[in-house]
Amino acid sequence: MNPAELALYPFERPATLTELCRTLSARAGRKERTVLLAGGTDWIVERGLAPPEDPNDLPLVLDVSRLPELRGIQVARERAVIGAAATFLEIRSHPVLLRRAPVLTAMAREVGAIQIQARGTLGGNLATASPAADGAAALMALDAEVVLASVHGERRVSLTQFFTGYRATRRAEDEVIVRVEFLLPRTGAHQAWRKVGTRAAQAISKVALAAIAERERGRGVRAGFGMASVAPVTAPLPTVRALALAPSLASVSDEELDAATRRDIAPIDDVRSTAAYRAHVASALVKAFFRELREAPGL
Amino acid sequence: MRIAFVLNGRKRTLDAPPLARLLDLLRGPLGLTGTKEGCGEGECGSCTVLLDGVPVNACLVAAGQCDGRTVLTVEGLGVKDGLSDLQDAFVKEGGAQCGICTPGFLMAAHALLTANPQPGEGEIRESIAGNICRCTGYQRIVESIRHAVKERASRESG
Amino acid sequence: MALVGRSVPRADGRAKVAGTARYVDDLTRPGVLFGGTLRSPMARGRLHGIRRDPAFDWAGVTVVTAEDVPVNVVALIEEDQPVLASDEVRHAHEPIALVAAEDPVRLARALRALTPEIEPLPPVLTVADALARKAQIHGPDNVFATYRISKGDAAGAIASSPIRLKGRYRTPHQEQLYIEPQGMLAFWDAGGAHLVGSLQCPFYVHKGVKRTFSLDDDHVDVTQAVTGGGFGGKEEYPTLLALHALLLAKKSGRPVKMIYGRQEDIEATTKRHPCEVTIESGCDREGNLSAVSIRILMDGGAYVTLTPVVLSRAALHAAGAYRWEHAAIEAVAVATNTPPNGAFRGFGAPQTIWAIERHMDRIARELSADPLELREKNLLRVGDTTPTGQFLKESVGVQRCVEEARKASGWDKKRAALGAGAPARPVSALPRRTAPGGSAPRKARGIGASVFLHGAGFTGSGERRLKGCVAIDMLRGSSGKKPIFRIRTASTDIGQGTETVFRQIAAEALWVSMDRVEFATPSTSVVPDSGPTVASRTVMIVGSIVERAARDLFARTEHERQKRGGSFDDAALRLLAGKESVVSEKTYETPEDLVWDDEKYRGDAYPVFAWGCDIAEVEVDLDTFETTVLGFWSVADVGKAIHPLLCKGQIEGGTLQAIGWALNEKLVVKDGRILNARMANYIVPTSLDAPRFTTVLVEDPYSRGPGGGAKGIGELPMDGGAPAIAAAIEHATGIVRDDLPLLPEDLFAARRTAM
C-alpha cells in the first residue's frame, strides 16, 4: 500500500494500562482487529510492503509508546525489569545493564542505527516475532520472561515458549506485552553478542548469536543462548546449551559443537543470505564462544 | 486529531490524521521541505529530524505520536544571522554534494555534538551510520563534523 | 586571482545545508495531480488489454494508455522502446498505463483498480539464451551491437608466447541508488510543454518530447530542478518519465507531478550492464606483456537505450593501462527480457577494468611476481599506442600514480608482512565488531592494487558531431556599475560541483571575483545545448568552452579598454551601452589532430585519458568471511584540479560506489523480476563500512584542458575500487575470485578452492 494511506487508520492513545486492556478485551470480544503501535519501525515499514487493507475495515491502532506501565528500566534484587516500550537507545544507555548484561547493551547498539534505536522498542521486537529480531536473541540468552497483561491480570511466559512459529507468539488478541524480566547474570559471567549482518551498521542479521555462561569451580551453573535468523523463530540452541553446562569444557570438541549447532538450527536461503553460509557461521560463532569460554580466566 | 507540539522552537497546533507520517506533515501543511524522503522505510536517514532532541526517521513517526513533544528540523538549525557553525562546516569542507541527504546528516550530527561536544572519529561515524550518502564516500562529511568540533573547541579555549 | 586550484565554498552549498534548495518533490503548481504507473508483472507477454474495475469510482481520475501516445517511441539512440507498452510487454516492471489523481491515496487505489491482461510468452532471461535465440526478441539475432578492435596479430603472438593465460571474469548489475528518487513535474500552456525535473541532460528530454508530441524546439521547455544525485541513472531514464508526466498532464488538463517511490525506482529504472569478459594473454617469463585477446559479452536488457555506447566504452578500456603490441577485442551486447540497462558512472569501463585487473593478478600469480611491479613494468607511456592505434602524446601520469600509491600505502612492507602466508597477529578490530569479553577473532589481512585509465569526453568523433555550445552573457548587474557575467550551459550540477567549477573557470579567465559570475538554471529555453552531463566531459570539454567564451568576453572588453581607456568595468559598461547584454557563444572545437574511424574502430578514441592507481588494505574474518576495508589509497592523474576538494570528493565518492559493488551490493533477479528493490535489502555502504580514504592528486596537465590542464575524472574512481579489493582479499586469504560481488557468502562458497 501507499504510505499516504496510513492517514486513514483510526488511532487512539489510551492513557493507562487498564484502559488499554479494556479496549483490547472489548474489541477482541467483537472480533475487531487492533494493532499495538510503539516505535513503528516494523509496523509502519510493513504497511508500505503489505497488500492494502479494506478501507472500511481497518484495524484500530493503539499507541502504547507512552504508557507509564510499559516504560522504564529497573534493576532490583538481581532482577532486571525492562518495560515493553523501553527503546533500544534507552537500553544501550543504561549503566547497570552495561555492567551486568552487556550482551543486551551490545545488541541494542547494533540494532539499525541511532534513528531506529531511538524508536524501536523491546516489546515491539518481541511482538513482531521476526526470526531476525536481535532483541529476542539477546533476551533468550538471558532466559527472560515475557509479562503479558489483559483484563484478567498478568501472566508470565518464558521467552523460549513465547514464539510459536514464524512471526507468531503466545500473545492473545486481548493481551499486551508490558515488560520483560530476567535474572541478572553474575558479575564476571561470560557474555557475548556477535551480529553478522548485511553491513557494519543499519543491518539486518544474517546470523546473530547471544550467549551467556556462568561457571563455578569449572562447572557450568548457568548458560543461555539465542540465535537470530537461523530458524523460523529465534533459536535457543538447547543442545549447545547442554554442552555449555557440561562438567568439563575441555572435553567438548569442535565436532560436537558443530553437530549440536546443526541440530539446533534450520537455516534457509533468502534474499539476504544462504542456508549453507548461515549454517557455517552459526557453527563458527558457537565454536568461537566456547573457545573464549575455555580461555576465560576464572571460569 | 489535534496535535500540539513545539516545532523549531515555536509552539504549533494543527489538525492532522494521527497516523499521517510526521514527514508528510512537515513537507505538506507545515511547508518545511528541507526534510527529504529517500526511501520511506527508515533506511536512508534523509528524513532525520530530532524528536525531543533524539534523531528519528520522520517517515516512521506517526503525527499523533508527536503530540506534546518537540521537533527540530533543518530549518531550525540556523542561527539568527545565518548558518550554524555545523552547516557552515559542511559548505567549507565538502560535506554536501548533491545535498539530498545533507539535512539528515546535519540533524544526526547536531544531536551528536549536543550530547558529546568532543567526539572522536569513531563516534562521529557511528552517529551518522543511519544516514546513507551515495555521493561523498562519507569522508568529507566526517571531516565537516570534525571541523565544527575543532572550531568549537578553539572558540571555547580562546 | 588564482581562483583555479582553490577549494572555494561550493556555490550551491548554502542552500543545501539550509534546506532551502528546491528539488522536484519540493515544487508544486496550483491544481497539481499526482501521477503513477501501472507496470507489467511478468518478463514477457502479449498485452490484450487493461481491465478497469467497474466498482471503482473513476471520477476525477485520468488514465493514459498506449492509444493516447501520439508517437509511441522514446527517442534515444534507437526508437525501439515504447513510451507505454501496446501489444507486447518485454520486461517485468515495464510501463503499461498511467494514472493521475487528486491525491496519493486516490492514485494508489486507482492503480489497484487496473489489471493488465497479459498472455505470458517464453522470456529470454540470460545472455546465453539470447545468443542461442531461445526466442527472437530483437532483430534477427537478439544482438544490439558488436564492435571489433584489432592491433597486430594477437592470436599468433599469444600462440608463440612462453606464458599463455586465460580467464573469465563476470560482473553483475549495479543500482545507482541516488538518494533522491526520479521525479518530474509537467504542465502544458499556450507556449507548449513544460517540465521541471531531476535530470542530468535537459536536451535529451527535450529531444524525446519533441519526437513523441511532434513539437518544434520552441514549444518544449525542460528545466533541471536541484538534482539529488544521478551517477548516470538520470541520464536517459528521465526522458521516459517526462513523457509519462506530460501525457497525463495533457489528458487531464492539469499539472502532474510524478515522484517514484524507492521500490519503483529500483525496479523500473536502468542499471549497470552485467558483463562477462574472457581474456587470453601472452607474455614472457619476466612478465613483459605482448598480446591480448578479449571477448566481452554484455546484457543490454529489453531495449537498446544507451547500450551500444556503453559497449563501445567497455571495449575501448578492456586492455587496461598497459602496453600490448598485439590486441584483439570483440564486444557483443544482446537483448534479454529484463529491465533495460543503461548509464551508470564508468559506462562499461568498470566491467572490463575489473576483468583486465583480475587478469593481471592472474599473471602475477602464475609468475610469482609482485602484482604492482608487474603492472609498472607494462604501463603505457607517452609515445605508446593503444589497441585502437591511438598515439599517446601527453598527460600520461600513470607511472607517478603508481609510485605515489606505493609510497603512501606502505605497499612494499605490507605486501611482505601481511597475507595468507604471514604469521597470525593480534588485530585491533573496529569496536562494534568486538564481542564483549571476546578473545581475538580469527582474521587475516592483505593488500591489493589496481591500475586503470578512463577516457574523458565522448568516444571517437562524438564531440565533433555533438558541437557542444556554451554562452556567457555580460550584464549590467544590479548596481549598474559593476557588470556581472552569467554562464549559460546545459551541463547540470547533480552534486559533482559543475556550478562552482564553471564559475571558477570563468571568473579566472575574466579576471573578476567569483561573485560576479552567475550560473543560469539549466533550462532548454535559456541555455544552449552543451551536450549531456555524462562521460566525464563536463569540466574537460564543456569547461574548456566556458573558458573560451570567458576569454573572448575578456578580450573584447580589454580591447575596448585599450582603445578608449578607463577601467575594465568602464570598458564593459561602454560595450553594454544600449544593450541588454553582450554575449559570447562558443562551440567546442575538436582538436584537428584527433582522428577517428568509426568503421574500423581505429584512431584517437578519446582526446586524453585520466589515470589512477588504487590500493586497498583489508581484513577478512576467517569465521564469517566479512571483509573490512582498513585503508584505501587512491592516486589519480587529473591533469589539473580546478577545485581540489570537490575533485577529491568525486574520487572518494566514486571509489565507495566501487567498493560497494564489490563488497555489499547485489541485485537479486528472478524470472526477470527484481526481488530486493528496497534500501533494506539492496545494501550500500554506511559510514561504518567506508574506509578512511587517502586521496592524492597527480597533475600531469592536458594541453587543451581548462584551468591549465584539467581532465575529466568523474568516472575514473569507479574503475579501480573493485579489483583492488579483490586483490587484497586474495592476498589476505588466498581466495581468488574472478566474479563480483565478493559478499561473505561468495567468499565462503569459494573458500574450498583456496584454504
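This is a predicted model: local features need pLDDT of at least 70, side-chain atom pairs count only at pLDDT 80 or more; totals for chains, interfaces and linings use all residues.
Let me start with strand S24 of chain C, residues 627-637, which is joined by 6 bridges to S27(C), the two running parallel; strands here, like helices, are DSSP runs numbered from the N terminus, with at least two residues in E for a strand and at least four in H or I for a helix, and two strands pair if DSSP finds at least two bridges between them. Residues are numbered from 1 along each chain as its sequence is written, and chains are lettered from A and ligands numbered from 1 in the order in which they are written.

Within that pair, Val635(C) stands opposite Val696(C) of S27(C). The sheet around it is open and mixed in its pairing, with 4 strands of chain C in the order S16-S23-S24-S27, and its edges are S16 (443-455) and S27 (693-698), each of which pairs on one side only. Neighbouring strands are turned against each other by 15° on average, direction ignored, where axes are lines fitted to C-alpha atoms, for helices over the stretch in contact, and angles run from 0 to 180 degrees between N-to-C directions.

What packs on this sheet? Helix H11 of chain C, residues 398-409, does so, touching S16, S23 (609-621), S24 and S27, with its direction at about 145° to that of S24(C); contact is taken as C-beta atoms, placed from the backbone, within 7 Å.

Turning to the chains, the contact takes 41 residues from chain B and 43 residues from chain C.

Terms used. Two residues are in contact if their C-beta atoms, placed from the backbone, lie within 7 Å.
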